[in-house]
Amino acid sequence: MKKVAVFTAALAMLVGLTPALADTGSLPGGTSISVEIATPVTGAIVPAGPVAVSGTASVGTATAVKNQTIVYVIDVSGSTTGSAGVNCNADPGIDIILVCEKEAVKAVNAAAALTTSPVLNSGVVAFSGNLAGGAAAVDFDPSGVEQLLTVPGPAIASAVDLLMPGGGTSFVAAVTEATRVLTASSASVKTIVFLSDGDDTAGGTLPGAGTLSPSVVRTFAVGSGASCGTGALSLTAVAALGSPTGTCTAVTDLSTLPTLILGQAVVSTLTSLEITVDGGPASPVVAVPALPLPGPVAVSYTTSVTLASGSHTICVTARGADTALGFVTDCNTVQVATVVVDCAVVTPCTATASDRTVSTATFRGTNIFKTVGLRAATTAPNACAGVNCVTAYDVLFPAPGALGRAELFVVTAPAVSTPFWKAAVYIDDVKVTRSCLYNVLTRTEQLPCKIIGPTLKGGTFYYVKFAADPGIKFR
C-alpha cells in the first residue's frame with residue numbers, strides 16, 4: 001500500500017478531569033495512612049517542562065482497622081509503693097511508682113479507644129507475690145465464662161484502678177498469664193506492654209527467645225531502681241520473647257511513661273514521601289512540617305517534575321510505620337502538550353506546534369471554554385489505513401462542556417508531501433471522507449470534515465474541522 005500524507009487529530013482524554021481523591025490504606029498494625037496528589041489532577045493538560053505537584057499525606061488521622069490486641073502486664077509488687085519522684089496524676093504531691101504505672105496505662109487505654117487507633121481489644125495482667133501463682137489476669141466477666149479481653153475504654157481503666165501493691169516479683173508468672181491472654185485473641189497484631197520497677201525475685205525459667213513471636217513485647221524498666229539488665233530473668237530477656245522488634249526501655253522520669261508507651265505500642269509514624277514519573281526512579285519529597293513525625297499527623301507538600309510532551313503518570317508514595325513498615329501510593333495521569341491555551345479566557349483561541357521539520361499545525365477553537373493542548377504525535381504506527389502516518393497531531397480536551405468548534409490547519413514540507421490528490425486525513429484511524437463545503441441550503445456541514453490542497457511552495461495542506469467534544473475519541 002502506498003504511504004500517504006495524513007494528519008491525525010487526537011482527543012486524548014475521553015472523560016472529564018478527575019477530582020483529587022486521597023489514596024487511603026492501612027499500615028500493618030491497622031493504622032490509617034493516606035496520600036493525595038491535589039494538583040495536577042488526572043486528565044489535566046499541562047505544558048512541557050517543570051510541572052508543580054502538590055498534595056497532602058497523613059497517618060493515623062482516619063478510622064483505623066481494628067486488628068491489634070494490647071496486654072498490659074503491670075508490676076504491683078511491694079516495691080511499687082516507693083516514691084516515683086514526680087507527680088503523675090491530677091492529685092497534688094509526689095506519687096508512688098504504682099500510681100504512675102496506672103496513669104500511664106490509662107492514658108494509653110484512652111488513646112487506644114479512639115477510632116483512629118488500631119487497637120481492637122486489651123487485657124490486664126498484674127504480677128506480685130501476693131497473687132496466687134505470682135500473677136493474675138483480669139476477668140472482665142467474673143459471673144460467667146472467663147473473659148480475658150475487652151474493648152479499650154472504661155472497663156480497662158476500672159480494672160487498673162483496682163490494682164493493689166504487695167509481695168515479690170515473678171517475671172515467669174507474669175509471662176505465663178500474658179501468654180494465656182494472648183491465646184484468647186484473634187487479632188492479627190499482638191503486643192505486650194510489660195512494666196516493672198525492679199528485678200525478678202521469684203526465679204524460674206523464661207520460655208526461649210522468640211517463643212511469643214510474632215507478638216511484640218515492649219518492656220519498661222520503671223523508676224531509678226530498675227534496669228533492663230542482661231540476665232536470663234532480665235527485662236531484656238522478657239522483651240526477647242517476642243519478635244525481634246521488641247525493646248526494653250529504661251524510664252527514670254515516670255511522667256514521660258505514657259508518651260513512651262504510646263510511641264512504642266500504639267502511635268504510628270509518617271516517615272517519608274517520594275515521587276516517581278512513569279514508574280521511574282523515586283525522588284524524595286520534602287513535607288511541611290518535615291518528616292518523620294509521630295501520628296496522628298497530616299502534612300502538605302509541593303514539589304515539581306520535568307515532563308516532556310506525551311502522557312505521563314505521576315505517583316507520590318507515603319511511607320509509615322506502626323507495628324511494621326507500610327506505604328500507600330496515589331497516582332494521577334496527565335497529558336503534556338507542546339502548547340497549552342486556555343480557550344475559556346480567549347475565544348477564538350489559537351495554538352501552533354511543529355512535528356519535527358515535517359509539518360506545522362495551527363489550531364483554532366471557537367466557543368470551547370476549556371483548556372486545550374496541542375502536540376505532535378511523532379509515532380503513529382499503522383494509524384493511517386495500516387501504514388504509518390506522514391505526520392500527526394494530538395488535540396487534547398480535558399473536560400466536558402460546550403462542544404464548540406475546533407479547526408486544525410496543517411502544512412507539510414514539500415520534501416515529504418504526498419501529492420494532494422493522493423493524500424488523506426484519518427481521525428480515530430478512520431478516513432475522513434466528508435468535505436468542508438456548505439450545501440445548497442447554506443447549512444454547515446456535518447463534522448468531522450476536511451479540505452486537502454497544494455501549497456504555493458509545493459507542499460500539501462490539510463484543513464480539518466471537528467466538534468470539541470470529549471465524547472469523540474480522535475485517533
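**Close-up views of a predicted model**

**View 1. Contact between helices H1 and H2 in the predicted model.** Lys102, Val105, Lys106 and Asn109 on the H1 side meet Ile156, Ala157, Val160 and Asp161 on the H2 side. Sorted by class, the residues of this contact comprise four nonpolar, one polar and three charged. Helix H1 covers residues 97-112 and helix H2 covers residues 154-161, and their axes come within 9 Å of each other while crossing at roughly 175°. Because of that crossing angle, H1 is described as roughly antiparallel to H2.

**View 2. The open sheet of five strands.** Read across the sheet, the strands follow the order E19-E20-E23-E27-E26, and their pairing is antiparallel. Strand E19 (349-355) and strand E26 (449-454) form the edges, each of them pairing on one side only. From one strand to the next, the twist averages 15°.

**View 3. Pairing of strands E23 and E27 within the sheet.** Strand E23, made up of residues 405-412, pairs with strand E27, made up of residues 460-467, in the antiparallel sense, and eight bridges join the two.

**View 4. The largest cavity and its lining.** When the whole structure is searched, one cavity of 30 Å³ or more is found, and the space in the largest cavity comes to about 70 Å³. Its lining consists of Gln68, Pro118, Thr191, Val216, Arg218, Gln264, Ala265, Val266, Val267, Asp322 and Thr323. Two elements, strand E9 (216-222) and helix H5 (257-265), each contribute at least two residues to this lining. In terms of residue class, the lining of the largest cavity divides into five nonpolar, four polar and two charged residues.

**View 5. The largest pocket and the residues around its centre.** The space in the largest pocket amounts to about 160 Å³, and 13 residues line it. Among these lining residues, Thr116, Ser117, Val266, Val267 and Pro296 lie nearest the centre of the pocket. The lining of the largest pocket has seven nonpolar and six polar residues, with no charged residues, whereas the lining of the largest cavity includes two charged ones.

Definitions and conventions:
Residues numbered from 1 in each chain as written. Predicted model: local features only at pLDDT ≥ 70, side-chain atom pairs only at ≥ 80, totals over all residues. Heavy atoms only, no water. 1 Å grid on protein atoms, 1.4 Å probe; cavity = no way out; pocket = protein on both sides within 12 Å on 5 of 7 lines; lining within 4 Å. Points joined across faces, edges and corners; volume = space filled by probe spheres on them. Helix = DSSP H or I, 4+ residues; strand = E, 2+ residues; numbered from the N terminus. Nonpolar A, V, L, I, M, F, W, Y, C, P; charged D, E, K, R; others polar. Axes fitted to C-alpha atoms, helices over the stretch in contact; angles between N-to-C directions. Parallel < 35°, antiparallel > 145°, perpendicular 65-115°, else oblique. Contact = heavy atoms within 4.5 Å. Pairing = 2+ DSSP bridges.
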